[in-house]
Amino acid sequence: MAADFKGDYQELVDEISELLGVPATLENRDFELIAFGAYDSEGELDPSALDPVRTRSILTRRSTATVRAWFEGFGITRATGPVRIPPSPEAGVYRGRICLPVRHRGVVLGYVWLLDGDPGPTDAQLAAAMQVAGRIGALLADEAEAGAGLSRELRAVLTAEPGWQQDMAVTELRTALGPRADGPLTLVCVAPWPSPEPDDAPAARTIPHATALCTLPWGASEQSLALLVRLRTTEVTAPALAAAGRLLKEAEAARGGRRGGAGSGAGVPALGNAARGAGARTAAAAAAGFAGAAGGGGGAGCAAGVGDARIGLAELGAVWQEAAAATRAALAEPRFGPVAEWARIGPYRLLTALPPRAAHDPVVGPLLSPAHRELARTAEVYLDRAGQAARTAAELGIHRQTLYYRLSRVEQLTGLDLDDGEDRLLLHMALKRARL
C-alpha cells in the first residue's frame, strides 16, 4: 500500500547519499518528487546546491515539462547506468547532475538525482549506488502493483449496485487498506478527466492524504477521477480541498492541448443521455444553449467536487454521489467552483438527484430555446434576487420597465404566473436544472 512505501524510499535515498557523500533526490518517471536525502556536509550547503530547478522540485514536489524535456534530452530514459549532465545556468541548472536511472525488469520507473562535483563520486561508488537504485526499482514496481489493486477495489465499490455486491466490494477495499479504512474519509471527484488510463493519473503517493484513486465514466464519453482522501476529523476538509486543487491543475494541463475539439460540451453529456425522442432531444439542445449563454462552466474546462466526510467505508457509495453532484454543480455554476463542496451547493443537492426524465418541464421548453436566451437569463436573475425588481434591473443593467416587459414575455412563453409562488418555484428549478 502506498503509505507503507514512503519510509522505505527515504531509507534507500539516504543510503545513496551516505554512499556518495552528496545530497540525493528520488523522482518517479514523471519527475514527481518521492524522497529527498540531505547529506550533512558544509561543502554541500552552499547556495549553488539550491539552483532554481532543484529548489522548485523540492518545494513543489515536481519539475516542469520544460525541465523534464531538457533532462530527457541527455538520454536518461534509455540509460542503464549513470548519466552525467553538465551545468547550464541559462536553464536554471547551476550545478552539474548525475542521474541514476531506476529500472525494474528493463523498464525505467524513476530517477535518482545527485549533485556532481570535483572530483565527484568514483566509479565504484556509483556502481554501489546503482545497486541501491535497483532495489528502489523493485519497490516502485511493488507500489505500482499495489496501487493498481487499490484502484480496482475502489472502482468496484463506486460502480457496484447497492446491496450484497457493494457490501462485498467494500469488504475487499477495507482489507486492502487495512487500518487506513477506519478513520474519517471523503471522496474527491474531478471531471471531465482527460484520460481513462490509470497510468496517466498522478500516483496517490504524490498527493498528500490521498489513499487510492481510480477513473470512472462521466456522461456519454468523458471520464472522471475519484480520489479517496484521509482526514483528521470529519469537520475539517482542507486536505480534500487541497488535493482537489492539485488534481485540477493536472487535468487542466493535460486538457490544454485538446480543448479546441472537446471542451465546449463538457457540462452537457448527461442531458444528451437523458433524451428520449425528438422532443426530449430538442429540450436538451435548448438547455445546452441556455447554459452556455448564461455563463455555465461546462465549456471552460473541468471542476472538482468534495463529498461529506464519513467514518469508514460503509457509505462510500453515497459520498461518491455527493462528490459527483458537487462537481456537476461547479460545472454549471462558476460561483461554486472550481472546487465545490456538497454541503455548500444549496438547491443543487436536490436538483442533481432528480432522475433524467425530470430534467425539463414542458412549460419551460420554449424559454430555453436559443432565441430566448436573454429572457431566460432575466428570469433566472429575477428569481435569484427573490423577485426584487430594483436589484434585478441593476444587476442586468436595464431599466425597470424593460425588466417588466421581459417578465411579461416570460409569462406569455411559459403560461406561468410569476406572482404565484409554485409557478415561480417550478420556473426557478427548471432554469437551474437546465444548467446541469
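**Why these labels?**

Student: Why is Phe31 called buried?

Tutor: Phe31 has 1% relative accessibility, so Phe31 counts as buried; buried means under 20% relative accessible area, exposed over 50%, and partly exposed in between, with a 1.4 Å probe and protein chains only. This is a predicted model, where local features need pLDDT of at least 70, side-chain atom pairs count only at pLDDT 80 or more, and totals for chains, interfaces and linings use all residues. Residues are numbered from 1 along each chain as its sequence is written, and side-chain values use heavy atoms, leaving out hydrogens and water.

Student: What is the phi of Phe31?

Tutor: Phi is near 65° for Phe31, a positive value in a residue other than glycine. Most residues other than glycine have a negative phi.

Student: Is Ala386 buried or exposed, and how do you know?

Tutor: Ala386 is exposed, because its relative accessibility is 54% and the cut-off for exposed is over 50%. Its phi is positive too, near 55°.

Student: What makes Asp14 partly exposed?

Tutor: The relative accessible area of Asp14 is 30%, which falls between the 20% and 50% limits, so Asp14 is partly exposed.

Student: How do you know that the span of helix H12 is close to the expected one?

Tutor: Helix H12 (residues 373-384) has 12 residues and reaches 16 Å from its first C-alpha to its last, close to the expected 16 Å. The expected span is 1.5 Å times one less than the number of residues.

Student: Why is the bond from Ala191 to Pro192 worth a look?

Tutor: That peptide bond is cis, with omega near -10°, whereas most peptide bonds are trans.

Definitions and conventions
Helix = DSSP H or I, 4+ residues; strand = E, 2+ residues; numbered from the N terminus.
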